[in-house]
Amino acid sequence: MLFCHLLSKLETKSKTKLQKKICQVVLSHFEKQYSKELGEVWNSISQVLSTPQCWQYAVLLNKFNFSSEVENDLRLKGYRLIFPETSSCFRQSLKCYISSSPGRFPAQKHRAGKLKEYYLLNAASVLAVLALEVENGEKVLDMCAAPGGKSIATLQYAWPGLLHCNEYDHLRSRWLKQTLESFIPESLMSLITVSQLDGRQIGNLQPEGFDKVCN
Ligand SMILES: C[S@@+](CC[C@H](N)C(=O)[O-])C[C@H]1O[C@@H](n2cnc3c(N)ncnc32)[C@H](O)[C@@H]1O
């Protein structure tokens, strides 16, 4: 019994060692390749990539129920805006906070009849929305939308004429609807439609139906 336990412990240890070794090889390859391609910018990119706690649990404030209390609390806890107000990427309506220290801001519980004040998401979702540069009035398709991070971020960023959220998994689609209901006021729900299709069919079903597509 003891022997088996020790053996399995040794196996785990050597697996972790091997994983670390592989990781090191990949990292030095990245270092070589991207410092050549990106020059100085690579330093800040590699810093972000090597501190995942910074971007995994970002906090996106909900402009439809903005709370300066939450914002102050975030600042007190050492969170900072993903893009400073001086940056060309900063958008007043889309306030996303990140922290360099490990840990995560507590998720907000559902409160009947009250919109949530913030959404926890991977900051990469916010970057995808910024890259899309949705203009007010445009038709947007979120093709694989559950749990709804990019849909929520899109609605913080702009006022689309239509936001169509598609998710083919039944349970995840219910989760998506709940997210939308917890963050978006009822008066705006008419801008949002939800479907449960295989996203790959949407292009054929509605050719030229959307100005921007994310997933
Ligand atoms: C990584 S999650 C998407 C995250 C989401 N965009 C967000 O920002 O919160 C991927 C989702 O795509 C859905 N999915 C995968 N293949 C799909 C397909 N062919 N059509 C529609 N949804 C799909 C999965 O069920 C899953 O919910």
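These are my notebook entries on a predicted model of one protein chain.

**Entry 1. Overall**

I began with the chain as a whole. I counted eight helices and eight strands. The C-alpha atoms fill a box of roughly 60 × 45 × 40 Å along the principal axes. I then looked up burial, and 35% of the 215 residues count as buried.

**Entry 2. Database record**

I checked UniProt for annotated spans. An unreviewed entry there lists residues 45-215 as "domain: SAM-dependent MTase RsmB/NOP-type". In the model, this span is 34% helix and 17% strand. I also looked up its ends, and the C-alpha atoms there lie 23 Å apart.

**Entry 3. Aromatic pairs**

How many aromatic pairs does the count come to? I get six aromatic pairs. Among them is Phe 105 with Tyr 118, which is edge-to-face because the ring centres are 5.2 Å apart and the planes stand at 65°, over the 60 degrees needed for that label. Phe 105 sits in the loop between strand 3 (96-98) and strand 4 (118-121), while Tyr 118 belongs to strand 4. The pair links distant parts of the chain, 13 residues apart. I looked up burial for each partner. Phe 105 has a relative accessibility of 5%, so I noted Phe 105 as buried. Tyr 118, with a relative accessible area of 8%, is buried too.

I moved on to Tyr 119, which forms an aromatic pair with Phe 183. Here the centre-to-centre distance is 5.2 Å and the planes make an angle of 85°, and the pair is edge-to-face. Tyr 119 is in strand 4 and Phe 183 in helix 7 (residues 170-183), so this pair ties together parts 64 residues apart in sequence. Tyr 119 counts as buried because its relative accessibility is 12%, below the 20% cut-off. Phe 183 counts as buried at 3% relative accessibility.

I also noted a cluster, in which ring pairs link Phe 30, Tyr 34 and Trp 42.

**Entry 4. Charges over rings**

Which residue lies over the face of Trp 159? I found Lys 63 there, 4.0 Å from the ring centre.

**Entry 5. Nonpolar surface patch**

I looked for nonpolar side chains grouped on the surface. One patch is formed by Leu 18, Ile 22, Val 26, Phe 30, Leu 38, Val 41, Ile 45 and Leu 49. Together these residues have about 650 Å² of accessible area. Phe 30 is listed in this patch and also in the ring cluster with Tyr 34 and Trp 42.

Which helix supplies the largest share of the patch? Helix 1 does, with five residues. Helix 1 (2-38) and helix 2 (41-49) each give at least two residues to the patch. I looked up one member, Leu 49, which is found in helix 2. Leu 49 has 46% relative accessibility and so counts as partly exposed.

**Entry 6. Salt bridges**

I counted five salt bridges. One of them joins the side chains of Glu 71 and Lys 95, with 2.9 Å from N to O. Glu 71 lies in helix 4 (residues 68-76) and Lys 95 in the loop between strand 2 (80-81) and strand 3, so the bridge ties together parts that are 24 residues apart in sequence. Are these two residues buried or exposed? Both Glu 71 and Lys 95 are buried. I also recorded a network of salt bridges in which Glu 71, Arg 75 and Lys 95 are linked.

Next I looked up Glu 138, which forms a salt bridge with Lys 212, the closest N and O atoms being 3.0 Å apart. Glu 138 is in the loop between helix 5 (123-132) and strand 5 (139-142), and Lys 212 is in strand 8 (residues 212-214), so parts 74 residues apart in sequence are tied together. I noted both Glu 138 and Lys 212 as buried.

Arg 200 is exposed, at a relative accessible area of 70%, whereas Asp 198 is partly exposed at 22%.

Key
Residues are numbered from 1 along each chain as its sequence is written. This is a predicted model: local features need pLDDT of at least 70, side-chain atom pairs count only at pLDDT 80 or more; totals for chains, interfaces and linings use all residues. Side-chain values use heavy atoms; hydrogens and water are left out. Rings of Phe, Tyr and Trp (its six-membered ring) pair if their centres lie within 6.5 Å; planes under 30 degrees apart count as stacked, over 60 as edge-to-face and the rest as tilted. Helices (H or I, at least four residues) and strands (E, at least two) are DSSP runs, numbered from the N terminus. Buried means under 20% relative accessible area, exposed over 50%, partly exposed in between (1.4 Å probe, protein chains only). A charge sits over a ring if NZ of Lys or CZ of Arg is within 6 Å of the ring centre and within 35 degrees of the ring normal. Patches are made of residues with over 30% relative accessible area and no salt bridge: like charges are joined within 9 Å, nonpolar side chains (Val, Leu, Ile, Met, Phe, Trp, Tyr) within 5 Å. Accessible areas come from the Shrake-Rupley method with a 1.4 Å probe; for residues, only the protein chains shown count as cover. A salt bridge is a side-chain nitrogen of Lys or Arg within 4 Å of a carboxyl oxygen of Asp or Glu. UniProt positions are given in the numbering used here, feature names are shortened, and annotations may be inferred rather than shown by experiment.
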